[in-house]
Amino acid sequence: VAYDGLKWFARGGSHLNYYMWWGGYNRGRAAAGGVTNKYASDVMLCPSGERREPKFGHLQAFHQILTDLAPYLLEARSALFDNRPVWIMGPNGKWEKGQQQEMFVYSGHPKEGVEYGSQKEVVFVENNAEGSVVAQLHLPAHGKQTIKMEGYSAVVLVNGMLMFDSASVNPRMKAFRRDTIESPAELLDWKSYLEPASVDSTDSRARKSNAPIEQTELMVSSHVSSDYAWYQTTFKTPSFFGAVQDASISIGAQSASAISVYINETHIGTQADPHHEEGNITFTFDLGDLSSTTYTLSILSENFGYGNEIGHWGADTKAKTKGITGSVVITGTCKTKLCTFSLIDGRDWYSIAGLHGEHEGWPSTFTEQKPQEDISETPGVWSRALFDTPSFDASSQSLFLDITTGRGHFWLNGHDLGRYWNITKGQTIEYTQRYYYLPTDYLYSNGHLNELTLFNSLGGDDSSTQLVLSGLVADESASLEDLVDYPNACL
């Protein structure tokens with residue numbers, strides 16, 4: 001970043017935009033399809049707001065030299081198209097004109113003096129080669145200077161003095177270690193309840209139609225903001241088919257989403273597509289043998305976010321759709337022959353925007369229910385825990401939630417903090433995101449207990465979830481490296 005930035009200012013640049021300086025967090029439903037709760041952890045400020053060292057300190061020094069020189073550079077004549085040669089030591093030990101090195105010189109009197117004096121010579125030098133070189137600079141006001149430059153680097157000299165090197169990181173910027181405290185406060189009074197896996201046709205929220213209502217349209221028309229939608233219909237095998245053996249159901253949906261299927265409120269299966277893509281996708285579930293009785297089919301659609309590009313990376317320019325957007329077909333064997341019948345044939349479908357718990361305001365929805373004792377194999381689970389805000393210095397420490405199970409949404413004191421998922425990176429066992437930042441603005445500091453709420457669409461026991469307090473501590477024996485996804489640089 002500093003290398004490219006210096007190349008820009010060497011050519012007369014007067015501003016610099018970053019995408020991005022702060023890594024950012026996707027609260028609520030803000031994350032695009034297939035994107036985690038935290039957005040970027042390799043930029044100057046971690047998603048939690050912590051400094052990502054040594055990158056932050058190095059670029060702080062980069063900005064400081066630009067700030068010091070700004071009055072001068074803005075008044076001086078631009079060196080654009082006035083690049084000058086740089087001599088480098090060749091393999092034969094002789095100086096030769098560099099083919100991938102160049103120099104830009106600014107000299108004169110600015111209107112405002114800066115700390116180097118009112119008259120100065122500012123020189124930007126670039127090594128655009130992959131390997132390091134020994135360079136000889138012929139400075140108009142300060143004669144010959146010899147410096148060593150790393151590959152793909154740039155330096156700034158003021159009055160012949162080296163003031164900044166993009167490839168040289170001050171060791172003090174690396175001298176940090178991450179100090180992490182597990183369970184600084186205990187999560188108390190864990191209770192878990194099941195999300196009802198059905199749609200009541202008399203529910204005022206239920207929209208009746210002859211096909212499932214596309215999820216985005218359903219949310220907008222229902223004035224609901226949620227990643228979830230319930231769909232329900234009833235069916236029986238056609239009389240001329242009789243019983244259906246080895247039946248399966250195929251549901252047309254969209255990428256970056258999940259579908260959970262229930263028959264008579266019994267969970268059949270859940271399938272998901274986690275990719276940062278758009279387009280049609282079909283999920284297929286085995287149903288086993290079907291008799292000629294009437295079945296209730298309930299489907300939970302889970303939206304992982306919309307494509308955040310229009311016309312790029314495979315994203316369409318049309319409306320962004322989610323939910324059940326294609327056919328719903330049952331296939332099986334009927335009297336030794338393949339048989340297929342559609343469930344979108346004019347029959348009644350009921351669609352509800354959002355989870356039952358979201359609509360009623362969890363946990364008040366389930367206060368009359370008995371907490372579930374064994375939910376290890378049950379999907380669609382709401383969990384709640386209470387905790388006291390631990391004492392910590394918010395200027396140097398951050399409070400996180402450590403989640404290693406399930407997938408869903410979580411709330412802190414009623415604030416939707418976004419999606420979570422224990423998905424791993426590629427073929428590794430490392431979580432794409434394990435730690436979720438808890439904003440200090442949402443934490444109670446008056447002794448009132450905080451309420452943590454999770455909806456886990458995959459189900460299971462969430463009691464392994466814990467609080468983590470973490471921050472960087474100066475340590476001369478430590479060395480954080482400026483590498484992509486460097487461990488512990490950001491949580």
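Start by selecting Tyr 231 and Ile 299: in this predicted model, Ile 299 of β16 is the bridge partner of Tyr 231. Now widen the selection to strand β11, residues 228-235, which runs antiparallel to β16 with 8 bridges between the two. Next, pick Val 261, which also stands opposite Ile 299 in β16.

How many of the 9 residues of strand β16 are buried? Color residues 295-303 to see: 8 of the 9 are buried, so β16 is largely enclosed by the rest of the structure.

**Next stop: an open sheet**

Select β15, β12, β17 and β18, in that order; they make up an open sheet of 4 strands with antiparallel pairing. At the edges lie β15 (280-290) and β18 (337-342), each of which pairs on one side only. From one strand to the next, the twist averages 20°. To look at one pairing in detail, show strand β12 (residues 244-254) with β15: they are antiparallel and share 9 bridges.

**On to the disulfides**

There are 2 disulfides to visit. Select Cys 46 and Cys 490 for one of them, where the S to S distance is 1.9 Å. This pair links distant parts of the chain, 444 residues apart: Cys 46 sits in the loop between α1 (2-10) and α2 (55-75), and Cys 490 in the segment after β26 (466-474). Look along the S-S bond of Cys 46 and Cys 490: the torsion is about -80°, so this disulfide is left-handed. Both Cys 46 and Cys 490 are buried.

Then jump to Cys 334 and Cys 339, joined by a disulfide with 1.8 Å from S to S. Is the link of Cys 334 and Cys 339 left-handed or right-handed? With 65° about the S-S bond, it is right-handed. Cys 334 is buried at a relative accessible area of 7%, and Cys 339 is buried at 3%. Counting bonded cysteines along the chain, the disulfides follow the pattern 1-4, 2-3.

**Last stop: salt bridges**

The whole structure holds 19 salt bridges; here are some to select. Begin with Arg 52 and Asp 42, whose side chains meet at 3.1 Å, N to O. Arg 52 and Asp 42 each lie in the loop between α1 and α2, so the pair ties together parts 10 residues apart in sequence. Arg 52 is buried, with a relative accessible area of 1%, whereas Asp 42 is partly exposed at 24%.

Now select Lys 208 and Asp 348, a salt bridge with its closest N and O atoms 3.6 Å apart. Lys 208 is in strand β10 (residues 207-209) and Asp 348 in the loop between β18 and β19 (349-353), 140 residues apart. Lys 208 counts as exposed at 56% relative accessibility, and Asp 348 as partly exposed at 38%.

Move to Lys 320 and Glu 278, where the closest N and O atoms are 2.5 Å apart. Lys 320 lies in the loop between β16 and β17 (328-334), while Glu 278 lies in the loop between β14 (266-273) and β15, 42 residues apart.

To finish, select Asp 42, Arg 52, Lys 55 and Asp 482 together: salt bridges that share partners join them into one network.

Methods
Residues numbered from 1 in each chain as written. Predicted model: local features only at pLDDT ≥ 70, side-chain atom pairs only at ≥ 80, totals over all residues. Heavy atoms only, no water. Buried < 20%, exposed > 50% of the residue type's maximum accessible area, 1.4 Å probe, protein only. Pairing = 2+ DSSP bridges. Disulfide = S-S within 2.5 Å. Axes fitted to C-alpha atoms, helices over the stretch in contact; angles between N-to-C directions. Salt bridge = Lys/Arg side-chain N within 4 Å of Asp/Glu carboxyl O.
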